[in-house]
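This report goes through the salt bridges, helices and sheet of one model. The structure is shown first.

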Amino acid sequence: MRSKRFGLVWLLALVFAAGAVEASAQRRQQRAPSEFGPIVSAYLSYLENEQEVVDDRASRHEVNRAYYIKNSNRIRALRQMALKIARETDNDYLPEFEAATRDELGSLFETPPKVTELRVGEVYNNTFRFLGPVRSGDVYYIFARLDPYEQAELMEKEKQTKSAQETPTEDAPADDQATSRPRRVATP
């Protein structure tokens, strides 16, 4: 009799575990819709995992409520921007994102730009392209970190522009050159 109960309990445990695995797979499939490719789906899964870590730390009372809310809002803002870019570009590529509130811009920039002067698409410090603000509790300013090739290209363009401005053209004489040549006098 005892072994029958044990077998029944074991069977129920297996059924429950199988149901939990199936439910988990369905939730994952709902979270990462098939409308996105593997890179965007992986990033969205990464954000979900980050939220689970924040939730777990909060449930263990390892972080205070303000930390929990701020990080949950940041994750939500990053998710919104990722979905927006993925849908607008219809491309399975996302840049490396940075999200900062007004107070946190100093962690990205030595001399932070004024939020009123931020322009979507503009590059700052040859490092970050401003993607736009996202309101998720606080306002998060979302930037895309440029890859090293983009950074090098921008620096080269700046260098060429600077040297072109410093180099005098044939039409415009340099400051130390005379603007007219002395006349040649014919000798008899």
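## Salt bridges

In this predicted model, Arg60 and Asp56 form a salt bridge in which the closest N and O atoms are 3.2 Å apart. Arg60 is exposed, at 55% relative accessible area, whereas Asp56 is partly exposed, at 33%. The count of salt bridges in the model comes to nine.

A second pair is Glu104 with Lys70, with an N to O distance of 3.9 Å.

## Helix α4

Within helix α4 (residues 148-166), Glu153 and Lys157 are four residues apart, which means a separation of about one helical turn. Their side chains meet in a salt bridge, at 3.7 Å from N to O. Glu153 is partly exposed at 48% relative accessible area, and Lys157 is partly exposed at 47%.

The length of α4 agrees with expectation: its 19 residues should span 27 Å at 1.5 Å a residue, and the end C-alpha atoms are 27 Å apart. At the start of α4, the backbone nitrogen of Tyr149 has a side-chain oxygen of Asp147 within 2.9 Å.

## Helix α2

Helix α2 (residues 38-59) is made of 22 residues. From first to last C-alpha it reaches 31 Å, close to the 32 Å expected at 1.5 Å a residue. The buried residues in α2 are Val40, Ser41, Tyr43, Leu44, Leu47, Glu48, Gln51 and Val54. They cover an arc of only 165° around the axis, and therefore lie on the same side of α2. Just after the helix, His61 takes a positive phi of about 60°.

Gln51, in helix α2, has a relative accessible area of 19% and counts as buried because the cut-off is under 20%. Leaving out residues up to four places away in sequence, Gln51 touches Tyr68, Ser72 and Ile75.

## Leu78 in helix α3

Which residues are in contact with Leu78, leaving aside its neighbours within four places in sequence? They are Tyr43, Leu47, Phe97, Ala99 and Ile142. Leu78 itself is placed in helix α3 and is buried, at 11% relative accessibility. Two of its contacts, Tyr43 and Leu47, are among the buried residues of α2. Two others, Ala99 and Ile142, are bridge partners, with Ile142 in β4.

Leu78 can also be placed relative to Val134. The two residues are 56 apart in sequence, and their C-alpha atoms are 8.4 Å apart in space.

## The sheet

Four strands make up an open sheet in the order β1-β4-β3-β2, with antiparallel pairing. β1 and β2 are the edge strands, each of them pairing on one side only. In general, strands of a sheet pair through backbone hydrogen bonds, either parallel or antiparallel.

β1 pairs with strand β4 (residues 138-145) in the antiparallel sense, over five bridges. One of the bridges joins Glu96 to Arg145 in β4; another joins Ala99 to Ile142. Strand β3 (residues 128-136) also pairs with β4 in the antiparallel sense, over eight bridges. Here Phe128 stands opposite Arg145 in β4.

Key
Residues numbered from 1 in each chain as written. Predicted model: local features only at pLDDT ≥ 70, side-chain atom pairs only at ≥ 80, totals over all residues. Heavy atoms only, no water. Salt bridge = Lys/Arg side-chain N within 4 Å of Asp/Glu carboxyl O. Buried < 20%, exposed > 50% of the residue type's maximum accessible area, 1.4 Å probe, protein only. Helix = DSSP H or I, 4+ residues; strand = E, 2+ residues; numbered from the N terminus. Expected span 1.5 Å × (residues − 1). Polar contact = N/O pair within 3.5 Å; in protein donor to acceptor, adjacent residues only side chain to side chain. Arc of directions from axis to C-beta. Pairing = 2+ DSSP bridges. Contact = heavy atoms within 4.5 Å.
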